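Please examine the sequence and the structure shown below before reading on. The report that follows describes selected features in turn.

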Amino acid sequence: MSDKKKILRLFHYGLFILTSRGNGQTEPAPYAASTVTWVSQASFEPPLIMIALRKESWANEAVRQSGIFTLNLVGKNKKEMAGKFFKEIRIVGKTINGFEFTLTEKGLPVFKDAPAYIECKTVDRSEKGDHSVIIAEVTDAKLFRDNDDLLLLRDTGWSYGG
Ligand SMILES: Cc1cc2nc3c(=O)[nH]c(=O)nc-3n(C[C@H](O)[C@H](O)[C@H](O)COP(=O)(O)O)c2cc1C
């Protein structure tokens, strides 16, 4: 493995389940839900974050269409849940891939198992690489359980980077 790859894989990341929706389209699904790790804060005032989304993913297309998304935090004991959102999703009733969700006022799914979530609106995007870098303002935040330890990429044995 090259030094570049090794070093970039030493960076620390959290794990989040991003949700979004298209503008009324139902294919491939009315919602997007996907596990992401390239997430960081980017400004105190206004409160901005940045995320990187694979150019051709449905999650990215949904965020392109609606301009809004949520990031659901993932508890340390919920690796199995995070592992269920790497592929195409299946929505049955009020569940996505078997996990119960409710809708925010803006109509985005948020998971009952998530200890917290933030809701964001895109303010800018850059398309220089194979991921789109999206800068977004945090427009809402709900903390349900503040003692929960969070799942970190390095605890999972998974890698995304290099
Ligand atoms: C450990 C791990 C971390 C990931 N992090 C990201 C990420 O930060 N951004 C991204 O676009 N995809 C990331 N992915 C890939 C997405 O989970 C996957 O491409 C996406 O869920 C595909 O679904 P979609 O096309 O329906 O959106 C990651 C995958 C793994 C295994």
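## A buried glutamate and its surroundings

Glutamate 119 is buried yet takes part in no salt bridge, and the nearest side chain of opposite charge, lysine 106, is 4.2 Å away. Here buried means under 20% relative accessible area, exposed means over 50%, and partly exposed lies in between, with a 1.4 Å probe and protein chains only. A salt bridge is a side-chain nitrogen of Lys or Arg within 4 Å of a carboxyl oxygen of Asp or Glu. As to charge, Lys and Arg count as positive and Asp and Glu as negative, while His and the chain ends are not counted.

The model is a predicted one, in which local features need pLDDT of at least 70 and side-chain atom pairs count only at pLDDT 80 or more, whereas totals for chains, interfaces and linings use all residues. Residues are numbered from 1 along each chain as its sequence is written, and side-chain values use heavy atoms, with hydrogens and water left out.

Glutamate 119 belongs to strand 10 (residues 116-126). Helices (H or I, at least four residues) and strands (E, at least two) are DSSP runs, numbered from the N terminus. The side chain of glutamate 119 makes a polar contact with the side chain of threonine 104 at 2.7 Å. A polar contact is a pair of N or O atoms within 3.5 Å; within protein, one must be able to donate a hydrogen and the other to accept it, and residues adjacent in sequence count only if both atoms are side-chain atoms. Leaving aside neighbours within four places in sequence, glutamate 119 is in contact with residues including Phe69, Thr70, Leu108, Glu137 and Asp140. Contact means heavy atoms within 4.5 Å.

## Salt bridges

By the rule given above, the model has 9 salt bridges. Three of them are set out in the table, among them the pair of arginine 64 and glutamate 61.

| Salt bridge | N to O distance |
|---|---|
| arginine 64 and glutamate 61 | 2.9 Å |
| aspartate 140 and lysine 142 | 3.4 Å |
| aspartate 148 and arginine 145 | 3.0 Å |

Arginine 64 and glutamate 61 lie 3 residues apart in helix 2 (residues 58-66), about one turn of the helix. Arginine 64 is partly exposed, because its relative accessibility is 37%. Glutamate 61, at 28%, is partly exposed too. In the second pair, aspartate 140 has 27% relative accessibility and counts as partly exposed, and lysine 142 is partly exposed at 35%. In the third, aspartate 148 is partly exposed with a relative accessible area of 31%, and arginine 145 is partly exposed at 36%.

## Helix 2 and its cover

Which residues of helix 2 are buried? They are Trp58, Ala59, Asn60, Ala62, Val63 and Ser66. What covers these buried residues includes strand 1 (16-21), strand 2 (31-36), strand 4 (48-54), strand 5 (68-73), strand 10 and strand 11 (131-143). Glycine 67 follows helix 2 and has a positive phi, near 75°.

An open sheet of 4 strands has the order 6-7-8-9, with antiparallel pairing. Strand 6 (91-92) and strand 9 (109-111) stand at the edges, each with a single partner strand, so one side of each has no neighbour in the sheet. Two strands pair if DSSP finds at least two bridges between them. In general, the strands of a sheet pair through backbone hydrogen bonds, either parallel or antiparallel. Strand 8 (residues 99-103) pairs with strand 9 in the antiparallel sense over 3 bridges. Phenylalanine 101 stands opposite phenylalanine 111 in strand 9.

Leucine 103 also lies in strand 8. Leucine 103 is partly exposed, because its relative accessibility is 38%. Not counting residues up to four places away in sequence, leucine 103 touches Tyr31, Lys94, Leu108 and Pro109.

## Aromatic rings

The count of aromatic pairs comes to 6. The rings of tyrosine 31 and phenylalanine 101 have centres 5.8 Å apart and planes at 70°, so this pair is edge-to-face. The pair links distant parts of the chain, with tyrosine 31 in strand 2 and phenylalanine 101 in strand 8, 70 residues apart. Rings of Phe, Tyr and Trp (its six-membered ring) pair if their centres lie within 6.5 Å; planes under 30 degrees apart count as stacked, over 60 as edge-to-face and the rest as tilted. Tyrosine 31 is buried at 16% relative accessibility, and phenylalanine 101 is buried at 4%. Ring pairs also link Phe85, Phe99 and Phe111 into a cluster.
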